[in-house]
Every structure is written in structure tokens, then in C-alpha cells.
Amino acid sequence: MTAARTRLKFAWLEVTGFCNEHCDHCYADSSPQGTHGTMTVQNWMEVIDQLAEMGVVDVQFIGGEPTLYPHLVQLIAHAHMVGLSIEVFSNLTYVREPLWEAFTRYGVKLATSYYSDNPQDHDAVTNLRGSHKRTRDNIKKALSLNIPLRGGVVTVNAEQRVNEAAEDLATLGVQEVGGDRTRAFGRGSKGANPTVEDLCGHCAMGQCAIGPDGNVWPCVLGRFIRLGNVLETPLAEIWEGTLTVEARAEIAAASGLRPAEACTPPQFLPSCGPCQPCVPSVGHCDPKEADPLPRGTTIDASA
């Protein structure tokens with residue numbers, strides 16, 4: 001494995017498993033019954049320092065619902081201080097004023113999921129009444145504050161108005177709209193055991209995920225593969241450790257390093273090349289190689 005492939009460039013920081021929504025397809029299995037885990041604020045700040053020391057470029061705060069994590073502003077400020085580019089993946093139903101201030105002050109980018117232009121259809125996916133209105137209103141607020149925002153439309157059921165959802169996001173002014181289908185992880189698996197064959201094959205090539213209990217995974221979907229725990233071992237040792245090397249090889253072998261099927265339609269998670277859309281640091285993405293559909297225009301509701 002070349003040094004370029006094994007350099008860590010991007011990390012998901014899953015600061016909480018708590019979420020005010022209870023989406024049927026949630027790969028993280030987060031819900032109102034979730035917790036903030038065992039990682040303390042100081043633990044997270046130490047991880048952020050380690051990421052910066054390792055040359056990581058981008059981090060994404062995720063959950064659960066990261067805006068419900070009480071110390072998110074503090075972590076954003078710290079990540080900015082050490083020079084990391086920051087994105088927050090949120091359902092945008094509950095954004096306190098200090099968070100809006102932090103987003104604008106520290107140049108934070110946002111990403112959100114949007115399931116339908118129809119409020120009832122969207123709320124049926126999130127299992128939270130009124131979530132469509134709150135998410136849509138906060139999309140408009142973010143854009144009014146000139147906060148960069150990506151939208152993603154995940155196909156959960158055949159009745160969803162996914163194309164209309166993408167069109168609605170574009171009408172609101174969202175410049176980057178991706179699409180995806182439900183992935184067979186978490187509640188989306190319907191009880192099936194996860195396998196490496198369901199991953200895109202590029203996991204742990206330049207990204208990893210860290211969960212609210214300190215566990216390190218090759219990506220947020222690959223949480224069934226434990227590479228180590230940052231409460232026990234420095235992240236650099238985990239990244240270069242035997243478990244990571246073995247997991248990287250196993251995942252790559254299972255996929256044959258072929259272009260990921262997740263790119264048709266493009267996967268919304270900013271994770272594994274050649275999936276799109278990707279964070280800027282994932283420079284090996286090649287949309288032509290995977291032949292993705294045009295963003296936000298031809299999302300297949302039957303996928």
C-alpha cells in the first residue's frame with residue numbers, strides 16, 4: 001500500500017449517538033434513546049490535536065445529531081484553531097444561535113439530508129412531526145448567512161418524491177445536491193449482518209471514523225470493523241496498526257478495488273473515492289471512472 005493511499009486526510013467525528021429523529025434507514029442506529037457516549041470534551045480535543053498532527057485536512061462532525069451535543073461549539077473552535085477544515089452533518093431541525101455564530105465565525109460548511117418536497121413524506125422518514133419545516137427553514141437561514149451547504153436525498157421508499165426533493169433544494173439555492181439509496185447498515189439492514197462486501201472498497205484508504213465511545217472504524221458505515229480505541233491508543237498508532245492494515249486489505253480484496261456501485265447515484269457521504277460529492281482533500285475521486293449520474297437530476301426512486 002503506497003504512502004499516498006495510507007495517509008489519513010479525512011475523519012468523521014461522531015460526537016453523539018443521540019438524535020431527535022428516528023429514521024428507519026439510519027446506518028448509525030441513532031435515536032432519542034442514544035447517548036453522548038464516554039468521550040469527554042477533553043478526549044475529543046486531544047483527538048482533534050492528533051488529527052492535525054497527522055496532517056488531516058478535513059473533519060466532519062456527525063452523529064446522531066451533532067447540534068444536540070452540548071459542547072459542539074467548543075470542538076468547532078478547537079478544530080478551527082489547529083487548522084482543520086470543518087463540516088457539520090446535521091438534520092438542521094434544532095440549531096441554537098451560538099451554533100449559527102460558530103458556523104459563520106469559523107467558516108464551517110454544512111450538509112443535511114432532505115427526503116421529499118412533501119412535508120408528510122419527509123416526516124414519515126424521520127419519524128419526527130414538523131421536521132421538514134424546521135429543516136427547510138434552516139436551509140434557507142444557512143444560505144442567507146452565506147454558509148456553504150450540501151444537500152443529500154436518500155431513497156428510503158418507492159413512494160418518495162426524491163426528484164422533486166432535489167429540485168426543491170436547487171430552487172432554495174443549494175448548489176450541491178447528491179443522492180443515494182438506503183445502505184444495508186444499522187436499521188437500514190433490516191436485521192441482516194453487515195459485510196465488507198457492502199462497503200465501497202476504499203474504506204481506511206484515507207479516512208476513518210471515531211465514535212462517541214472512542215472506537216475507530218474504517219468509515220461510518222464500517223462500524224462493525226473495530227480498528228482500535230483512542231481512549232486506549234494514540235490515533236496514529238491505530239492508523240498504522242495491524243488491525244487497520246488487515247482491515248484495509250480485506251475490504252480492498254472484497255471489492256477488487258473496482259469503482260464503487262455507490263457512485264450510481266453518487267453517494268452523499270464525503271467518504272470514499274470515487275464516490276461523490278467528496279470533501280476537497282479526497283483528491284483521488286474520479287467521477288468519470290464511476291460514471292455517476294448528474295447530481296440532483298436523475299435519482300432513481302427504485303434503487
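User: Is Asp117 buried, partly exposed or exposed, and what is its relative accessible area?

Analyst: This is a predicted model, in which local features need pLDDT of at least 70, side-chain atom pairs count only at pLDDT 80 or more, and totals for chains, interfaces and linings use all residues. Residues are numbered from 1 along each chain as its sequence is written, and side-chain values use heavy atoms, with hydrogens and water left out. Buried means under 20% relative accessible area, exposed over 50%, and partly exposed in between (1.4 Å probe, protein chains only). Asp117 is therefore partly exposed, with a relative accessible area of 24%.

User: Which residue meets Asp117 in a salt bridge?

Analyst: Side chains of opposite charge can pair when their charged atoms come close. A salt bridge is a side-chain nitrogen of Lys or Arg within 4 Å of a carboxyl oxygen of Asp or Glu. Here the N to O distance is 2.7 Å, and the partner of Asp117 is Arg161.

User: Where do Arg161 and Asp117 lie, and how many residues apart are the parts that they tie together?

Analyst: Helices (H or I, at least four residues) and strands (E, at least two) are DSSP runs, numbered from the N terminus. Arg161 lies in the loop between β5 and α7 (162-172), while Asp117 lies in the loop between β4 (109-113) and α5 (119-126). The pair therefore ties together parts of the sequence that are separated by 44 residues.

User: How many salt bridges does the count come to?

Analyst: The rule for a salt bridge, applied to the model, gives a count. That count comes to eight.

User: Which strands hold Glu87 and Arg150?

Analyst: The side chains of Glu87 and Arg150 meet in a salt bridge of 2.8 Å, N to O. The pair ties together parts that are 63 residues apart in sequence, since Glu87 lies in strand β3 (residues 85-89) and Arg150 in strand β5 (residues 149-155). Both Glu87 and Arg150 are buried. The strands asked for are β3 for Glu87 and β5 for Arg150.

User: How many residues apart are Asp29 and Arg187, which are linked as a pair?

Analyst: Asp29 forms a salt bridge with Arg187, and their closest N and O atoms are 2.9 Å apart. Asp29 is in the loop between β1 (10-14) and α2 (41-53), and Arg187 is in the loop between β6 (176-181) and β7 (207-210). Asp29 is partly exposed at 47%, whereas Arg187 counts as buried at 16% relative accessibility. The pair links distant parts of the chain, with a separation of 158 residues.

User: What is the phi of Asp29?

Analyst: Most residues other than glycine have a negative phi, and most peptide bonds are trans. Asp29 is not a glycine, yet its phi is positive, at about 60 degrees.

User: Is Ala204 buried or exposed, and what is its relative accessibility?

Analyst: Ala204 is placed in the loop between β6 and β7. Although Ala204 is not a glycine, it has a positive phi of about 65 degrees. Ala204 counts as buried, because its relative accessibility is 1%.

User: What is the omega of the peptide bond from Gly63 to Gly64?

Analyst: Gly64 lies in the loop between β2 (58-62) and α3. The peptide bond from Gly63 to Gly64 is cis, and its omega is near 20 degrees.

User: Which side chain is joined to that of His132 by a polar contact of 3.0 Å?

Analyst: His132 is placed in helix α6 (residues 131-144), and it counts as buried because its relative accessibility is 5%. A polar contact is a pair of N or O atoms within 3.5 Å; within protein, one must be able to donate a hydrogen and the other to accept it, and residues adjacent in sequence count only if both atoms are side-chain atoms. At 3.0 Å, the side chain joined to that of His132 belongs to Tyr114.

User: What distance separates the C-alpha atoms of Ile251 and Cys203?

Analyst: Ile251 is found in helix α9 (residues 242-255), and it counts as buried because its relative accessibility is 0%. Contact means heavy atoms within 4.5 Å. Not counting residues up to four places away in sequence, Ile251 touches several residues, including Val196, Cys203 and Ile225. Ile251 and Cys203 are 48 residues apart along the chain, and their C-alpha atoms are separated by 7.1 Å.
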